[in-house]
Amino acid sequence: MNDHPYTRAYIFTGGRLGQWAIDSQPLDDVYLIGADRGADFLLRHGRVPHLAVGDFDSVTPDRMEFIRDSALELITCDAVDKDWSDTELAVREAIARGFREITLVGALGTRFDHGLANVQLLRLAHEHGCSLKLLDEHNEIRLCADTLRLERNSYFPYISLLPLTLEVRGITLEGFRYPLHQAAIQLGSSLGISNVLDAPVGTITITDGIVLVIRSRD
């Protein structure tokens, strides 16, 4: 374990980031990780990353020097000779350092391949007993493998459930406008798209499989 007071880690990656990513997050009491260009983003907005990680092929040499001089810790890797993306490297590093609550900010950019790969990191974290959440200006994505309670959120009014496994069984929704009871959803079905919470708190329960829970706004 690391000798620091933080229990949560926020990873800023090189996807679609903006001022919203700084203004809407409680960043004073979290461990900040900048993945590649995400480290530069944090520094440009007056936030010093506790850890900067990646190959940094998307930053200029002068910004790389600034990251090297400013970050409290730096881990670099070769841009070609590596098996994982910078974002996956950051997630694995957060898991290895003992964080069990991780938020990945800006991981859904213009590259669909990178975005989909980052969504699949939810399963990697789950297999290590960690809670990972993906967050951008229009989406909040997590997974549910048993029970998940959600508070109604006017910023993200829509809630969709999409299978991450071939089939998800025993889905029960309480507090939702369109409830389900012991339902099954197969991979490729749109049955769980665009629900909303009518109650202040809703509950998602499943008995078998893993489902993506996507809160979103237009």
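**Figure 1. The two domains of the protein chain in the predicted model.** The domain assignment divides the chain into domain 1, residues 8-137, and domain 2, residues 144-216. Their C-alpha centres are 27 Å apart. Seven residues of domain 1 and seven residues of domain 2 make up the contact.

**Figure 2. The area buried between domain 1 and domain 2.** The size of an interface is often given as the accessible area lost when the parts come together. Here about 530 Å² is buried between the two domains, and carbon and sulfur atoms give 73% of this area. On the side of domain 1, the residues that lose the most area to domain 2 are R123, H126 and E137; together they account for 62% of what that side buries.

**Figure 3. Polar features and residue types at the interface of domain 1 and domain 2.** One residue pair is in polar contact across the interface, while the number of salt bridges found there is zero. Helix α5, residues 112-127, gives the most to the side of domain 1 that touches domain 2, contributing four residues. By type, the residues of that side are three nonpolar, one polar and three charged.

Figure 4. T172 counts as buried because its relative accessible area is 11%, under the cut-off of 20%. Its side chain reaches the backbone nitrogen of Q182 at 3.2 Å.

Key. Residues numbered from 1 in each chain as written. Predicted model: local features only at pLDDT ≥ 70, side-chain atom pairs only at ≥ 80, totals over all residues. Heavy atoms only, no water. Domains from an automatic or database assignment. Contact = heavy atoms within 4.5 Å. Buried area = accessible area lost by both parts, 1.4 Å probe. Salt bridge = Lys/Arg side-chain N within 4 Å of Asp/Glu carboxyl O. Polar contact = N/O pair within 3.5 Å; in protein donor to acceptor, adjacent residues only side chain to side chain. Helix = DSSP H or I, 4+ residues; strand = E, 2+ residues; numbered from the N terminus. Nonpolar A, V, L, I, M, F, W, Y, C, P; charged D, E, K, R; others polar. Buried < 20%, exposed > 50% of the residue type's maximum accessible area, 1.4 Å probe, protein only.
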